Each structure stands twice: as structure tokens, then as C-alpha cells.
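Q: Could you walk me through the charged pairs and the nonpolar packing here? I'd like to start with what counts as a pair.

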Amino acid sequence: LPLLLARAHMMPMIVLSLHALLLSTFIGNSRCSAAKAKPPYDSLEDDDLSALHRLNQTMEQDIENLKRSRGIILLSDAATDKSFSDMSIPIWRKYAHHHGQGFISQSERLLAGAVEWTKTRTLLEILPAVKWKYILVL
């Protein structure tokens, strides 16, 4: 009877361990397949193609920045957050450089008139290009 109680007591731990294993396997598999395949180019009419082109050029010019193991993405809206951007971008850039992290700042809207979706659109462009394992999005 004590052995049976011990097993019953261990059951939640075993179930939690199994869930963690399944979740980590799922995340690992999805991350591997997502890293291999670049998402299709989004050519919807609400994209600001010139802003997307400038973001991609910025990433192509600083390849070493994209190869680091960690990175910081700072997103701001130049139209509404100018004072915030002027003060915070240099600080975060120096922080990233001091700690050997990659840094990308995006202050242009990538979607015409939709500031709320610029963060998502920016991540869709940046994530396939970087090798970062850890990302801080600001």
C-alpha cells in the first residue's frame, strides 16, 4: 500500500514532466522548421514598400549584428514618439554594443496608417534574418 500511495503521489509530477517534454518538443520542432523557411513576401497594398526596403537594406549592411546570439529590437513611431526615440535609441544601441548584442531600431511605419501592426510586420521581416536565440522587443 505505501508503494501504491507513493506512485499516486508522483503521478502529477510525471504528467507535468510529460507536458513539458511535449511542449518543448513542439516548440523545438516549430522553431527549426520556421528558421529554415522564410515567410512569403507580403505584398499587400497596405505595406509601405519603401520603408520595408530601407529596413532590409539596414539589416543587409550590418551582417555581424544579425549573427549574434542575442538581440534587441526597438520599435517606435517617429510621428508620435520623436522625443522618446531621440533619447532612447542611442542608449539602447550603446547598451547592446556594450553587452555584445545585436540591435535594430525601427521608427518608420511599415504599414500605411496602421501603427498597431507595425511591430508584427517588423518582426516578420527581422526574425527570419537574424540568428538570435534571445530577443528583447521594446
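A: A salt bridge here is a side-chain nitrogen of Lys or Arg within 4 Å of a carboxyl oxygen of Asp or Glu. Bear in mind that this is a predicted model.

Q: OK, how many salt bridges does the structure hold?
A: The structure holds 3 salt bridges. In one of them glutamate 64 pairs with lysine 67, with the closest N and O atoms 4.0 Å apart, and both glutamate 64 and lysine 67 are exposed.

Q: And what does glutamate 108 form a salt bridge with?
A: Its partner is arginine 54, and the closest N and O atoms are 2.3 Å apart. Because glutamate 108 sits in the loop between strand 2 (102-106) and helix 5 (118-126) while arginine 54 belongs to helix 2, the pair ties together parts that are 54 residues apart in sequence.

Q: How exposed is glutamate 108?
A: Glutamate 108 has 29% relative accessibility, so it counts as partly exposed, and arginine 54, at 36%, is also classed as partly exposed.

Q: What about arginine 121 and glutamate 125, buried or exposed?
A: Both are buried; they form a salt bridge whose closest N and O atoms are 2.9 Å apart, and, lying 4 residues apart in helix 5, they are separated by about one helical turn.

Q: Switching topic, how many residues are in the largest nonpolar core?
A: That core has 12 residues, including Leu55, Ile73 and Trp132.

Q: Which residues are in the second core?
A: That separate core of 5 residues includes Leu74, Ile89, Ala96 and Phe103.

Definitions and conventions. Residues are numbered from 1 along each chain as its sequence is written. This is a predicted model: local features need pLDDT of at least 70, side-chain atom pairs count only at pLDDT 80 or more; totals for chains, interfaces and linings use all residues. Side-chain values use heavy atoms; hydrogens and water are left out. A nonpolar core is a set of buried Ala, Val, Leu, Ile, Met, Phe, Trp, Tyr and Cys residues joined through side-chain atoms within 4.5 Å. Buried means under 20% relative accessible area, exposed over 50%, partly exposed in between (1.4 Å probe, protein chains only). Helices (H or I, at least four residues) and strands (E, at least two) are DSSP runs, numbered from the N terminus.
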